[in-house]
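Subject: Structure handover

Hi,

Here is the structure I promised to pass on to you. My notes follow below it.

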Amino acid sequence: LERIPYLNLSYLSLADSVRQFRDIMLPQLDLTLEANHLQRFNRDFRDDDRVAFPEPLKELTTTRVLTETFCHGTPILEYTKAPPKVREELAYLGLSTTLKMIFLHDFLHGDLHPGNILVSNTPKGDIKLNLLDCGLVVEMGPEQHINLVKILGAFTRRDGRLAGQLMVDTSSHCQASPLDVELFVNGIERIILDDAKNNFVENVGDYITDI
């Protein structure tokens with residue numbers, strides 16, 4: 001499609017998108033990879049009794065069959081009508097868990113939708129998150145990890161222009177013209193200005209949607 005004259009679809013990078021999708025999905029056909037992910041998550045959070053993952057049973061796992069321990073809990077969507085204090089505690093626990101994955105471990109669960117989160121309690125009665133389906137993960141590596149920290153830091157400091165420019169500079173294949181880059185950077189700056197009264201960390205989902 002990008003080669004069809006006059007459609008001007010090259011800016012969509014469709015071929016790159018398909019290749020990225022292929023590279024993400026094909027490894028998931030080997031279920032021993034998910035077992036390895038579970039081992040890594042359990043190691044990363046072994047000292048946190050409020051976050052849990054299934055334990056893989058490696059001796060019963062093959063490339064086509066994943067065997068793991070059963071996690072008890074209540075689907076997190078059932079907590080949408082819970083008392084405000086409980087919902088706030090869940091939100092902060094989820095946020096801190098995600099930030100640990102990003103900033104401390106550089107190993108992020110890539111499919112954290114509500115269906116993959118069960119809520120239970122620790123022996124002390126504290127709320128506990130059980131995270132499932134760890135086949136898709138994101139591991140950035142040192143260079144991309146540093147870049148992400150810089151971008152999030154720019155957002156936190158409300159420097160939209162720097163955040164936008166860093167996003168362009170760190171992209172693997174940028175086919176945009178100088179004008180497109182300037183428009184993108186201006187758009188990121190406008191998002192920051194329009195949202196000046198809100199806390200970035202508390203509204204990060206809205207930022208991602210706008211971008």
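Let me start with the second largest pocket, whose volume is about 300 Å³. A pocket here is an open set of points on a 1 Å grid over the protein atoms alone, where a 1.4 Å probe fits, with protein on both sides within 12 Å along at least five of seven lines. Grid points are joined across faces, edges and corners, and the volume is the space filled by probe spheres set on the points.

Before going on, a word on the basis: this is a predicted model, in which local features need pLDDT of at least 70 and side-chain atom pairs count only at pLDDT 80 or more, while totals for chains, interfaces and linings use all residues. Residues are numbered from 1 along each chain as its sequence is written, and side-chain values use heavy atoms, leaving out hydrogens and water.

The lining of the second largest pocket consists of Gln20, Ile24, Leu136, Val137, Val138 and Glu139 (residues with an atom within 4 Å of a point). Helix 1 (14-25) and strand 6 (137-138) each contribute at least two residues to this lining; helices (H or I, at least four residues) and strands (E, at least two) are DSSP runs numbered from the N terminus. Four of the lining residues are nonpolar, one is polar and one is charged. Ala, Val, Leu, Ile, Met, Phe, Trp, Tyr, Cys and Pro count as nonpolar, Asp, Glu, Lys and Arg as charged, and the others, Gly among them, as polar.

Next, the helix packing. Helix 4 (residues 142-156) and helix 5 cross at roughly 160°, and their axes come within 8 Å (lines fitted to C-alpha atoms over the stretch in contact, with angles from 0 to 180 degrees between N-to-C directions). That makes helix 4 roughly antiparallel to helix 5 (angles over 145 degrees). In this contact (heavy atoms within 4.5 Å), Lys150, Ile151, Ala154 and Phe155 of helix 4 meet Leu162, Ala163, Leu166 and Met167 of helix 5. Seven of these residues are nonpolar, none polar and one charged.

Helix 5 (residues 160-169) also packs against helix 6 (residues 178-194), at an angle of about 140° with the axes 7 Å apart.

Finally, Arg50 lies in the loop between helix 2 (31-44) and strand 1 (51-52). Leaving aside residues up to four places away in sequence, Arg50 touches Glu89, Leu93, Thr122, Asp126, Ile127, Lys128 and Leu129.

Best wishes

Methods: Parallel < 35°, antiparallel > 145°, perpendicular 65-115°, else oblique.
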